Amino acid sequence: MATRFTYTSGSFGTEVDGEFERQLLAARSAAPAPLPHVIAGREVAKGPVFARVDPANVEQVASRAHAAGPELVDAAVAAANAARAQWRRTPYAERCRRLRAIAEAIGARHLETAARVSLETGKNRAEAVAEVQEAIDLITTYCDHMEENAGYEAPLLSFVEGERNTETLRPYGSFGVICPFNFPFALTIGMSVAALVAGNTVVVKPSEDAPWTGALFAELALPHLPEGVLNLVHGGVETGRALADAAVDGIAFTGSAAVGREIVAKLQGGRWARPALTEMGGKNPAIVTASADVRKAAEGVARAGFGLSGQKCSACSRAIVLDAVYDEFVEQLAEVTASFAVGDPADAASSLGPVINERAYERFARAVADAEADGRIVAGGRRPDLPGFYVEPTVVADLPRGHRLTREELFLPFVTVTRVATLEEAIEEANAIDYGLTAGIFAEDQGEVDRFLDEIEAGVLYVNRGAGATTGAWPGTQSFCGWKSSGTTGKGGLGPWYVPQFMREQSRTVVA
């Protein structure tokens with residue numbers, strides 16, 4: 001595809017729209033056979049079969065796959081461990097060449113891949129097409145970082161004649177990669193490629209909500225990698241636990257804080273601690289001060305709150321608004337929210353598709369009930385009479401301070417608006433949660449902006465971003481690093497310090 005699109009791009013044009021719609025129709029019309037695992041380059045069709053319904057039409061099955069039990073997981077890990085010495089010894093330039101070839105293969109099937117993402121997740125075309133571009137850019141960005149740092153080897157000082165000292169980062173060995181449903185292509189590739197470019201082998205477990213998307217990554221990647229370097233096992237929670245229990249040298253994980261912290265604790269045990277690189281969600285605030293452009297703030301909060309139906313770790317789920325502009329902001333946000341059309345991702349007019357599954361659908365109903373009891377719904381709040389898991393983008397005002405809807409990650413198109421008296425109170429409220437992933441502010445006063453940047457407890461910050469108050473990070477443009485319960489390493493994906501986390505330091509002194 002000749003044109004590049006990001007999450008802040010506008011419309012695609014009739015040619016791209018038409019091809020996306022054809023590809024989505026073809027994906028929906030397929031009669032999916034159960035997907036096999038891929039172990040040491042070979043397909044393994046073993047284990048019970050599970051089905052993934054189309055979230056846009058629950059009468060249809062989007063994909064099927066075999067679920068791997070502990071024995072199959074252990075076989076995949078054994079294959080990865082058998083291949084790790086060869087892959088570690090492959091020069092980093094050759095690893096980058098192979099990975100860049102995968103990026104080219106993805107680009108050649110861009111809209112087909114986007115349709116697959118849309119089918120399993122319910123994403124609209126803008127989100128799905130941009131996600132595939134993000135995956136391509138993650139590969140090239142991480143290869144760039146490896147090349148710019150000369151494979152992460154550097155000379156050190158020497159005070160002894162004939163002695164040469166060098167510093168190097170070396171791969172751990174093998175990584176389990178446990179993937180989320182909301183970015184089943186980009187984040188699967190981002191975690192996997194960071195491990196691979198660093199010289200590790202991988203065992204990938206796609207989300208059980210998007211197995212076909214994960215299988216497509218393997219299909220595109222395997223022709224460019226030696227046998228056993230990339231392995232793939234399908235399944236749900238038990239498969240993920242089996243992978244975390246297996247003989248891998250580390251885990252990369254994106255998902256809930258509860259599961260991520262369980263993985264971290266598990267990998268700290270045993271004979272020695274192993275790395276667990278986790279990204280674990282957020283409850284992301286946007287502060288709106290009295291000096292703000294209120295319309296821009298309303299648009300930025302809505303775009304960040306309702307993109308992918310709020311199912312982003314970075315989604316804006318809380319607006320914290322100073323009293324002087326509170327009523328105006330609530331009115332403007334309700335107006336912008338009403339302009340978001342909920343419908344089939346195949347329809348170019350749809351702003352929001354369905355939420356991912358029945359659990360999310362029911363979680364929305366509970367959140368609405370609590371909002372009606374304790375606050376004021378100013379937009380949305382209903383579940384449209386459509387054949388899938390559709391819900392309206394919803395705005396709730398006037399909840400009491402500390403209410404669960406302002407504290408718990410809902411992963412829904414659901415934004416609360418909290419009234420505060422001062423910027424100090426706004427920052428205190430923003431920091432009151434356990435998460436610290438993204439945050440934004442709308443303020444035209446530089447002093448207010450400076451105070452926000454100094455005091456806010458989050459890893460990804462945006463100022464006056466109408467395109468997305470808390471969302472829109474892109475490889476090489478913004479890093480994606482979580483503080484507090486949003487991450488465990490203090491360094492995030494997309495940025496320059498992500499790949500080194502898949503390696504450990506070694507100092508070498510060689511005497512001639």
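Over residues 50-504 the chain is 40% helix and 20% strand, with the end C-alpha atoms 38 Å apart; helices (H or I, at least four residues) and strands (E, at least two) are DSSP runs, numbered from the N terminus. In UniProt, an unreviewed entry lists residues 50-504 as "domain: Aldehyde dehydrogenase"; such positions are given in the numbering used here, feature names are shortened, and annotations may be inferred rather than shown by experiment. This is a predicted model, in which local features need pLDDT of at least 70 and side-chain atom pairs count only at pLDDT 80 or more, while totals for chains, interfaces and linings use all residues. Residues are numbered from 1 along each chain as its sequence is written, and side-chain values use heavy atoms, with hydrogens and water left out.

**Two domains**

- The protein is divided into domain 1 (14-280 + 489-511) and domain 2 (284-463), with bounds that come from an automatic or database domain assignment.
- The centres of the two domains, taken over C-alpha atoms, are separated by 31 Å.
- Domain 1 gives 25 residues to the contact and domain 2 gives 25 residues, where contact means heavy atoms within 4.5 Å.

**The interface**

- Domain 1 and domain 2 bury about 1,900 Å² between them, 56% of it on carbon and sulfur atoms; buried area is the accessible area (1.4 Å probe) that two parts lose on being put together, summed over both.
- Of the area that domain 1 buries against domain 2, Ala56, Asn124 and Phe181 supply 22%, more than any other three residues.

**Salt bridges**

- The whole structure holds 35 salt bridges, each a side-chain nitrogen of Lys or Arg within 4 Å of a carboxyl oxygen of Asp or Glu.
- Two salt bridges are found across the interface of domain 1 and domain 2.
- Lysine 312 pairs with glutamate 127 in a salt bridge whose closest N and O atoms are 3.3 Å apart.
- Arginine 84 and aspartate 249 also form a salt bridge (2.6 Å, N to O).
- Arginine 84 lies in helix 2 (residues 70-89) and aspartate 249 in the loop between helix 8 (237-245) and strand 10 (250-254), so this pair ties together parts that are 165 residues apart in sequence.
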